[in-house]
Amino acid sequence: NTRSVDIPELPQGFIIMFAGNLGEAQNLENVLKAASLLKEHKMIHWVFLGDGRKKPWMEHYVAENHLEDTVHLMGRYPIDAMPEFFKKADVMLVSLADELVFNLTLPAKVQAYMSCAKPIVAMLNGEGQEIVKDAGCGWCVEATDVEGLAREVLSICRISNEQLKAIGQNGYD
């Protein structure tokens, strides 16, 4: 009996969702710095699903920088709940630290996001960025470009749902 998992209520507004390990490799400092730059834009919500070594640091950063209105650490959910969560997101976020080893790898979440036809905001260098660009399924900034991520998110949140769907569909195709 595969009863569907109860998905918590998500905030109203434009949702950027990150799903997966909250660890050192995921470049979460730079992601949260970008979220800080946009914290006055209360309609933009950064939703993080998952757990990891970096989560306590993230909780502290959110509290210290008064990001409770726009940054939401939802905790860990079963993998089969992910498609339900993804449906509620406007865009999916993938981020990796700027290290050579990461520039050579494609994070598995890129394929997961593409297979759910979700547009992707990528804050990484190398292979992952190439895939997103080649597929035309999202937007890319360099791993260290905090201001660039904030700028992209601000412009993406003004795009129509139809356009977002089409961009996500590019990844699926």
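Biologist: What share of the chain's contacts between residues at least 6 apart in sequence join residues at least 24 apart?

Modeller: First, this is a predicted model, where local features need pLDDT of at least 70, side-chain atom pairs count only at pLDDT 80 or more, and totals for chains, interfaces and linings use all residues. Residues are numbered from 1 along each chain as its sequence is written, and side-chain values use heavy atoms, with hydrogens and water left out. A contact means heavy atoms within 4.5 Å. For contacts between residues at least 6 apart, the share joining residues at least 24 apart is 71%.

Biologist: And how much of the chain is buried?

Modeller: Buried means under 20% relative accessible area, with a 1.4 Å probe and protein chains only. Out of 173 residues, the share that counts as buried is 49%.

Biologist: Are H1 and H2 roughly parallel or roughly antiparallel?

Modeller: Helices here are DSSP runs (H or I, at least four residues), numbered from the N terminus. Helix H1 covers residues 28–37 and helix H2 residues 55–64; they pack at about 20°, axes 11 Å apart. Angles under 35 degrees count as roughly parallel and over 145 as roughly antiparallel. So H1 and H2 are roughly parallel.

Biologist: Which residues of H2 make that contact?

Modeller: On the H1 side you'll find Leu28, Glu29, Leu32, Lys33 and Ser36. The contact residues divide into 5 nonpolar, 1 polar and 2 charged. From H2 come Trp57, Met58 and Tyr61.

Methods. Axes are lines fitted to C-alpha atoms, for helices over the stretch in contact, and angles run from 0 to 180 degrees between N-to-C directions. Helices (H or I, at least four residues) and strands (E, at least two) are DSSP runs, numbered from the N terminus. Angles under 35 degrees count as roughly parallel, over 145 as roughly antiparallel, 65 to 115 as roughly perpendicular and the rest as oblique. Ala, Val, Leu, Ile, Met, Phe, Trp, Tyr, Cys and Pro count as nonpolar, Asp, Glu, Lys and Arg as charged, and the others, Gly among them, as polar. Buried means under 20% relative accessible area, exposed over 50%, partly exposed in between (1.4 Å probe, protein chains only).
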